[in-house]
Structures are given as C-alpha cells and as structure tokens.
Amino acid sequence: MSPKLIQKLDDAAIIAVLIVDEVKHAVPLAKALLKGGVDSIELTLRTPAALDAAKAIKKEVPEITLGFGTVLTIDQVKAVVEVGADFAVSPGCNPKIIAEARRQGLDFAPGIMTPTDIEIAVEQGCRILKFFPAQTSGGMKHLESMSAPYNHLGLKFIPLGGCSLENAGSYLQSPLITAIGGTWIAKRSLIQSEDWETITNNAKEIRTLINQIQGK
Ligand SMILES: O=C(O)C(=O)C[C@H](O)[C@H](O)COP(=O)(O)O
C-alpha cells in the first residue's frame, strides 16, 4: 500500500464494511457514515449492485476513501481498478490475486490468519495485511503471538471479522494495527431499511472512541 493510503487509514482507524443490495442506497449510506465521522469504506463484492454503488459514491461523495472487499477473481481486480478503487482486500491470501493487484497498481491487503498466509503475502510484497477472521481466531493475543517473528519487517494489520464497538479498543491500542473494520456500523439490515440515522449514530460512537484513543 502507498504511504499516503497507509497514513489515511491510520488516521481514519475505522473502515465500514458494507453489503449494498440496491444502488439507490449507496449515496445516502455514504453520506450517513460521513456525517458520523467515518470516511473510509470497504464495499464488498457480494452483491450485483456493488460496482454501480461504488460509481455513485465516487461521483456524489468524493470525500470517501473507497475500498473493495471480497475480491476473489482476477476479473474483479480489473473491475475495481476501472471504477477507481482506493484499495481492495480479500478474505484469503491468493497469490494470483495479489500479483494481479500489483500489476494493476492497486493497493491490496490480502487476508491472513496463519504464519503461512503471512509468508505468502510478504513474498508477494505486501506489508499491510488484513487479519481475518480476527475475533474468532483469537483477537490481538493471536495476532501478537503470530506476528512476533515478522516484527522486523514492519508489517501492519487491519483486523476484520467480529470487530465491534466493545472490542475495538483492544485492537486500536496496538501499534500493529492500522485500522479496524466491520459491518456492525452499517449492518445490511440497517441499509435495507434505510435507517441512516442509526448508521450515523453508530459511526459517531466509534469515532468518539477512536478520538479518545488517538488523544484528539
Ligand atoms: O469479504 C471481505 O473481503 C471482508 O473483508 C470480510 C469482512 O471484513 C467481514 O465479513 C466483516 O465481518 P463482520 O464485521 O464480522 O460482519
């Protein structure tokens, strides 16, 4: 990942993971998050609406740092680059996808959960890694222990999977962490019911916690 993007995600500290079913939800959703102080998103490629939702956000809410998640195929790497993705992540660590992202100049954080995953990603030149699924694989305790042999490489991690307002602090206080992410801020059901107010409030809650941790 470029130093500029790393700095941006470090400052943001939170990435809202989104599953968008209808393109018409994209812009109000992005605005609701922004209103609550969350300006970085991971739009998952799990619905047919995702790419068009991204296009709408890029056009109407350009303040958003727009990443993609669930990037599983080479064609998807090409598609998100075409839309102008700021970054992308995948649940797993597929060297073919990492190589394509590099060919396309796309900032990419593959998912890792084991030392073997870390070594595959490092060999491919990745230094920011998505720790997934973070909570069920042991949270910070697992990550600290697993990443110890690689400390000299200066790796940084984005925990995803089971993160919440309650456990966010345990991750964000560690220097190993760039940002955390999760669906809890804008759950699929909240988006489907167009509950923008709750989404803004959820965003505000995590922003307040982050501001405390960052001493702002
Ligand atoms: O598909 C991807 O590339 C992902 O990044 C996976 C998401 O981070 C998790 O699905 C978030 O899970 P929860 O916050 O626990 O609901």
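Predicted model: local features only at pLDDT ≥ 70, side-chain atom pairs only at ≥ 80, totals over all residues.
Q: Hi! Let's start with the ligand. How many residues surround it?
A: Hello! There are 17 residues around the ligand. The closest are G69, T70, L160, G182 and T183.

Q: Which strands supply at least two residues each of that shell?
A: Those are β2, which covers 40–44, and β9, which covers 180–182.

Q: Is I6 buried, exposed or partly exposed, and why?
A: I6 is partly exposed, because 17 other C-beta atoms lie within 10 Å.

Q: How far apart are I6 and A179, in sequence and in space?
A: In sequence, I6 and A179 are 173 residues apart. In space, the distance from C-alpha to C-alpha is 9.3 Å.

Q: Okay, on to helices. At what angle do α2 and α3 cross?
A: Helix α2 (residues 26–35) and helix α3 (residues 50–60) cross at roughly 55 degrees, and their axes come within 8 Å.

Q: What do we call α2 and α3 relative to each other, and why?
A: They are oblique to each other. The angle is roughly 55 degrees, and angles under 35 degrees count as roughly parallel while 65 to 115 count as roughly perpendicular, so this one belongs with the rest, the oblique ones.

Q: Is that crossing left-handed or right-handed?
A: The crossing of α2 and α3 is right-handed.

Q: Which residues make the contact?
A: From α2 it's A26, V27 and A30, and from α3 it's A53, A56, I57 and E60. By class, this contact of α2 with α3 has six nonpolar residues, one charged and no polar.

Q: What about α2 and α10? How do they pack?
A: α2 and helix α10 (residues 196–214) pack at about 35 degrees, with axes 7 Å apart. The crossing of α2 and α10 is right-handed.

Q: And who's touching whom in that pair?
A: α2 brings P28, L29, A32, L33 and K35, while α10 brings W196, I199, T200 and A203. Sorted by class, the contact of α2 with α10 has seven nonpolar residues, one polar and one charged.

Terms used. Residues numbered from 1 in each chain as written. Near = placed C-beta within 6 Å. Helix = DSSP H or I, 4+ residues; strand = E, 2+ residues; numbered from the N terminus. Buried ≥ 20, exposed ≤ 12 C-beta atoms within 10 Å, placed from the backbone. Axes fitted to C-alpha atoms, helices over the stretch in contact; angles between N-to-C directions. Parallel < 35°, antiparallel > 145°, perpendicular 65-115°, else oblique. Left-handed = near helix turned anticlockwise from the far one by under 90°. Contact = placed C-beta atoms within 7 Å. Nonpolar A, V, L, I, M, F, W, Y, C, P; charged D, E, K, R; others polar.
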